[in-house]
Structures are given as structure tokens and as C-alpha cells.
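Subject: Structure handover

Hello,

I am passing on the structure below, followed by notes on what was found in it. Please keep it open while reading.

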Amino acid sequence: LPGDRLILACPQDHPFAKRSQIDLRKIDGENFIAFERDTPSRRALDQIFREHGIRVHIVMEFDNIETIKRSVEIGAGISIVPQMTVQREVQTGAIAQLQFKGQAFYRSLGVVVKHKNTLIPAAQKFIDLLENSKT
């Protein structure tokens, strides 16, 4: 399945908030709100940071995207989250989102179905649509 694009989320009063794009290296040393250590999202971000030589200051760790977003809103730090998860907050002005300049990062998505169950046609059509969509 296509991936979910990752963006930088920051509070509206953060110096980054005035930008629409940012070089990933600019977040080096920033206060960062992370997913908990044993989650797939955290492992993926840790890998990205290692590959780019980035060290962030992790101030909080959560297993819940809603808690991460609320922490960004109140100014506790910045985070990297799936773009789809912050659409409402960006529209209301609660959070600023920035694309990464010159590169894009994605979170893998998947569909879980019971092994021996036959999918109804609508479910199969939905999966086909997801597999053929471009992000």
C-alpha cells in the first residue's frame, strides 16, 4: 500500500512556523515529542535521524498521536507525524506543518484481514483502490 507522508509539526509560535518547507537538518538539537521507543513509527524516525546525523532532544514520548499533537500545540516541542493526522489542526491554525525540502519521508501503511475470510466485493475494491493510488 502507499505510504502516509510525514511532515514536521510545530507550534504556531515556533520560528519554523513561518516556513512552508524545511531542511531536515535544521531540526538538529530541537526539543522533540516522539512516539514511544518500541513503536514502528519511532523506529522509522530513529533510522531517518541516524541516516542524516540528526540528534533531537526528546522531551516527551507517547504511544498516541492525539497526545503528541496536543503537546505540539501547547509548545512542548516539535514532532514528525503523518500529514493526514494533522489536517484539522493545520486548518484551524493550532499547528503549523512543514514539508521537508528536497525529500519526502513516508510511513508504511497496511491492511489487516482475517486469513480465511473472503472479502466482500466492496472491501476488495477499497483495497484495490488503496494499492493503485499514488501519494
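A polar contact here is a pair of N or O atoms within 3.5 Å, and within protein one of the two must be able to donate a hydrogen and the other to accept it. One such case involves S71: a polar atom of its side chain lies 2.9 Å from the backbone oxygen of T67. Please note that the model is predicted.

Helix 2

S71 is part of helix 2, which runs over residues 65–73. The relative accessible area of S71 is 6%, and since buried means under 20%, S71 counts as buried. Apart from neighbours within four places in sequence, S71 touches I33, M60, F62, A76 and G77.

At the start, the backbone nitrogen of E66 has a side-chain oxygen of N64 within 2.6 Å. Just after the helix, G75 adopts a positive phi of about 90°.

Aromatic pairs

How many aromatic pairs does the structure hold? There are 2. In one of them, the ring centres of F32 and F49 are 5.5 Å apart and the planes stand at 85°, which makes the pair edge-to-face, because planes over 60 degrees apart are counted that way. F32 belongs to strand 3 and F49 to helix 1 (residues 40–52), so this pair ties together parts 17 residues apart in sequence.

Are F32 and F49 buried or exposed? F32 is buried, with a relative accessible area of 1%, and F49 is buried as well, at 7%.

The rings of F100 and F105 form a pair too, with centres 5.5 Å apart and planes at 75°, so this pair is also edge-to-face. F100 and F105 are both buried.

If you want a place to start, look at S71 and the T67 backbone oxygen, then go to the rings of F32 and F49.

Regards

Technical notes
Residues are numbered from 1 along each chain as its sequence is written. This is a predicted model: local features need pLDDT of at least 70, side-chain atom pairs count only at pLDDT 80 or more; totals for chains, interfaces and linings use all residues. Side-chain values use heavy atoms; hydrogens and water are left out. Buried means under 20% relative accessible area, exposed over 50%, partly exposed in between (1.4 Å probe, protein chains only). Helices (H or I, at least four residues) and strands (E, at least two) are DSSP runs, numbered from the N terminus. Rings of Phe, Tyr and Trp (its six-membered ring) pair if their centres lie within 6.5 Å; planes under 30 degrees apart count as stacked, over 60 as edge-to-face and the rest as tilted. Contact means heavy atoms within 4.5 Å.
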